[in-house]
Protein chains: 2
Amino acid sequence: MSRPHRRATVHDIAAAAGVSRGTVSRVLNGGYVSAEARAAIEAAITEVGYVPNNAARALKMRRSQAVAFVALEPHSLFLDDPNIGSIMLGANAALSLADHQMVSLVVESARDTERVARYLSGGFVDGAIVVSARTRDPIIKVISELALPAAFVGHPPDLDQSIPFVGIDNAGSAQAITARLLAGGRRRIGMIAAALDRDSGIDRLAGFKAALGTAYDAELVADVPHYDYGSGVKGMRALLAAEPAIDGVFAASDAIAAGALEALREAGRSVPGDVGVVGFDDSTWAVRCQPQLSTVHQPAKQLGSCAAQLVLRQLRGEVLEPGGQLLPTPIVWRESA
Amino acid sequence: MSRPHRRATVHDIAAAAGVSRGTVSRVLNGGYVSAEARAAIEAAITEVGYVPNNAARALKMRRSQAVAFVALEPHSLFLDDPNIGSIMLGANAALSLADHQMVSLVVESARDTERVARYLSGGFVDGAIVVSARTRDPIIKVISELALPAAFVGHPPDLDQSIPFVGIDNAGSAQAITARLLAGGRRRIGMIAAALDRDSGIDRLAGFKAALGTAYDAELVADVPHYDYGSGVKGMRALLAAEPAIDGVFAASDAIAAGALEALREAGRSVPGDVGVVGFDDSTWAVRCQPQLSTVHQPAKQLGSCAAQLVLRQLRGEVLEPGGQLLPTPIVWRESA
DNA sequence: TACGAATGTGTGAACGTGCACACAGTAGGA
DNA sequence: TCCTACTGTGTGCACGTTCACACATTCGTA
């Protein structure tokens, strides 16, 4: 045997304290119990070293007191995107306050998708927070079929409309910071756009276009796949090649902006002297850079806690109106533009 | 009612297919079943939309097919330390291959500690991988009392000896890279030491001392609390103040080294011309810096998968010899020294 | 006195599984 | 013919918990 001794159960407590299981249960969950019975049971609990079996409780109660945090793009998430960590911590804090356990599940491959789907359907969690969902992800289908209480952070346009979301106004924020760049006197403004297969990428580009209006020039948009540093370097090189007279850049993320700074340094351009650069996220990148980035602050922690609230409210039985909410994104103006 | 319809169970399948629960169970888990019964049951499964209830299975089997990944220091972990993400992905991949689910639990506060302890003891997981454990963490006590199969990544010196670990030779690696710095002709070498309340911090400092031997000068060690960028900036400033003629620095992490580069730039020193800088981790920081960092490569992904293997082997019933294993840490020589 | 309410306790059933066991039918060999 | 082996199926029980119910005692009051 690998386990030396069976774990103690309510039966063991009952036997040790000389009462019935029912009374033990009442001590644990509240109810009418005499002072002496309570004392005897509590003594017995510490004596036998009882820990409740959540699997049994979950089975009976149909409640596990746990909520899944499903990260659908682990590589970029953990390695490049500093937001995801803050979103997790925000969600964890909110769930913790409501006495729920957050369990985060990482989906890397198709194999993972299937296993996570099984896990979600298996009664181990009462709800799910989904970040970085792509259009038509199989996990989403599973969630809506199970009618599992859920919430998204961000929202691909054709997402299941019955599931609420919390996000930011990517288009509006992009438009606002581009406008500020324009107001600073920049004339030839380019953008390094990324992740155009996701709502965030699409909307940031749309906001950029809207701000420039008739001055918009498709030549001045570099399209890169990811929100990371390396993409920023490449994107900026492409922009410099396309328009040597460029004097402003809106990068779709801070990591990209940091890469752009590198490419500009390599090309001998000064920032903000020759070129003004602005980013998006207000992540740790923003203050690490030289010069520090002007950027759009993304309330990552709050996104996490709001998503958690959306799930918790459903668990309390509230029926939420479909749709979502957008959190404000103040512009943080530093030195890079 | 929040749930419109009860979830389908084996009973429902049995009723729909006109067989007994036992036969359904045999279809699901293997056994003697006639072809026609199997076909009828499989049809019934898709018809009623059956998903197995893992909570019930876990209760009966005393196996949840899930392993916890417990992160004890979320703030520094997710925001500053890029290793943790890779460790997670490595563990996830290994567990996934063995058809186990990884659930990661974040411990932020004392409140979290208690809740996570309950979760671990509750039968939702079969084992645990613990990263960034500090001496005397209450979670460790819980794990060893439960005799929960576990493994550590890293190992505080006074840790429970019965729990295996996987780590790196911090002292040896630190000694090796410091020696290389010496071999490059540097004379006045300092160190920015961090996290001296943890094994990793202590051992890296010890390795540094060992490499310098009699040339070691306690004046040339700046002691900072965390492995982050800001600490690097402050630590380097302190070293420059203590010894303006400093010509080499071993930073206890890449993030610290990046901060040190910043402080050196601010002080007008060239790298590697005036001062050679080396880091530790070979994280994404190393290649982002200007100049790119010479550093110690830490096999983060492999650490995660090894820890997962240690847990999986215990779950298979193997009895592991106590102690741990250390993974090799090649030195990566780039431009900063 | 008697009756209802409040307090305290024990018992049985159920949550959804998987497994041991019992049982039935068929086939093959002594 | 009978015994054994193999295939296929149904039933009861257990995992550890909570809840509904039944029952017991005490007390206040009509």
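The side chains of A:Asp99 and B:Arg118 meet in a salt bridge, with 3.4 Å between N and O, in what is a predicted model. This pair belongs to a network of salt bridges that links A:Asp99, B:Glu114 and B:Arg118.

## The contact between the chains

On the side of chain B, 56 residues are in contact with 56 residues of chain A. About 5,000 Å² is buried between chain B and chain A, and carbon and sulfur atoms give 54% of that area. The polar part of the contact includes 30 residue pairs in polar contact between the two chains, counted where both residues are at pLDDT 80 or more.

Several elements of chain B each supply at least two residues of the side that touches chain A, namely helix H4 (54–61), helix H5 (74–79), helix H6 (83–97), strand E2 (101–106), helix H7 (110–121), helix H12 (254–266) and helix H13 (284–288). Of these, H6(B) gives the most, with eight residues. Sorted by class, the side of chain B that touches chain A has 27 nonpolar, 15 polar and 14 charged residues.

## Symmetry of the two copies

Chain B can be laid on chain A with an RMSD of 0.1 Å by a turn of 180° and a shift of 0.0 Å along the axis. That is the relation of a two-fold axis. The interface agrees with this picture, since 100% of the interface residues of chain B are also interface residues in chain A, so the copies meet through the same surface.

## Surroundings of B:Ser64

B:Ser64 lies in the loop between H4 and strand E1 (66–71) of chain B, and with a relative accessible area of 7% it is buried. Its side chain reaches the backbone oxygen of B:Phe124 at 2.9 Å. Not counting residues up to four places away in sequence, B:Ser64 touches B:Ala58, B:Gly123, B:Phe124, B:Val125 and B:Asp126 of its own chain, as well as A:Phe124 from the partner chain.

## Salt bridges within the chains

In helix H7 of chain B, B:Asp112 and B:Arg115 are three residues apart, about one turn of the helix, and they form a salt bridge in which the closest N and O atoms are 2.6 Å apart. Both partners are buried, because B:Asp112 has a relative accessibility of 1% and B:Arg115 one of 4%, where buried means under 20%.

A:Lys141 and A:Glu145 also form a salt bridge, with the closest N and O atoms 4.0 Å apart. These two residues are four residues apart in helix H8 (residues 138–146) of chain A, and are therefore separated by about one helical turn, but both A:Lys141 and A:Glu145 are exposed. A further salt bridge joins B:Arg316 to B:Glu318, with the closest N and O atoms 3.9 Å apart; here B:Arg316 is exposed, with a relative accessible area of 55%, while B:Glu318 is partly exposed at 36%.

## Backbone geometry in the loops

Most residues other than glycine have a negative phi, and most peptide bonds are trans. Against that background, the peptide bond from A:Gln290 to A:Pro291 is cis, with omega near -5°, and A:Pro291 is found in the loop between helix H13 (284–288) and strand E10 (295–296) of chain A. In chain B, the peptide bond from B:Val271 to B:Pro272 is cis with omega near 5°, and B:Pro272 is found in the loop between H12 and strand E9 (276–278).

Positive phi values also occur in loops. A:Asp282, which is not a glycine, has a positive phi of about 55° and lies in the loop between strand E9 (276–278) and H13 of chain A. B:Ala195, likewise a residue other than glycine, has a positive phi near 50°; B:Ala195 lies in the loop between strand E6 (189–194) and helix H10 (199–212) of chain B, where it is buried, with a relative accessible area of 4%.

## A:Tyr216 in its loop

A:Tyr216 lies in the loop between helix H10 (199–212) and strand E7 (221–224) of chain A, and at 25% relative accessibility it counts as partly exposed. Leaving aside its neighbours within four places in sequence, A:Tyr216 is in contact with A:Phe208, A:Lys209 and A:Val221. The C-alpha atoms of A:Tyr216 and A:Gln101, which are 115 residues apart along the chain, are separated by 48 Å.

Technical notes. Residues are numbered from 1 along each chain as its sequence is written. Chains are lettered from A and ligands numbered from 1 in the order in which they are written. This is a predicted model: local features need pLDDT of at least 70, side-chain atom pairs count only at pLDDT 80 or more; totals for chains, interfaces and linings use all residues. Side-chain values use heavy atoms; hydrogens and water are left out. Contact means heavy atoms within 4.5 Å. Buried area is the accessible area (1.4 Å probe) that two parts lose on being put together, summed over both. A polar contact is a pair of N or O atoms within 3.5 Å; within protein, one must be able to donate a hydrogen and the other to accept it, and residues adjacent in sequence count only if both atoms are side-chain atoms. Ala, Val, Leu, Ile, Met, Phe, Trp, Tyr, Cys and Pro count as nonpolar, Asp, Glu, Lys and Arg as charged, and the others, Gly among them, as polar. Buried means under 20% relative accessible area, exposed over 50%, partly exposed in between (1.4 Å probe, protein chains only). Copies are superposed by least squares on the C-alpha atoms of residues with pLDDT of at least 70 in both.
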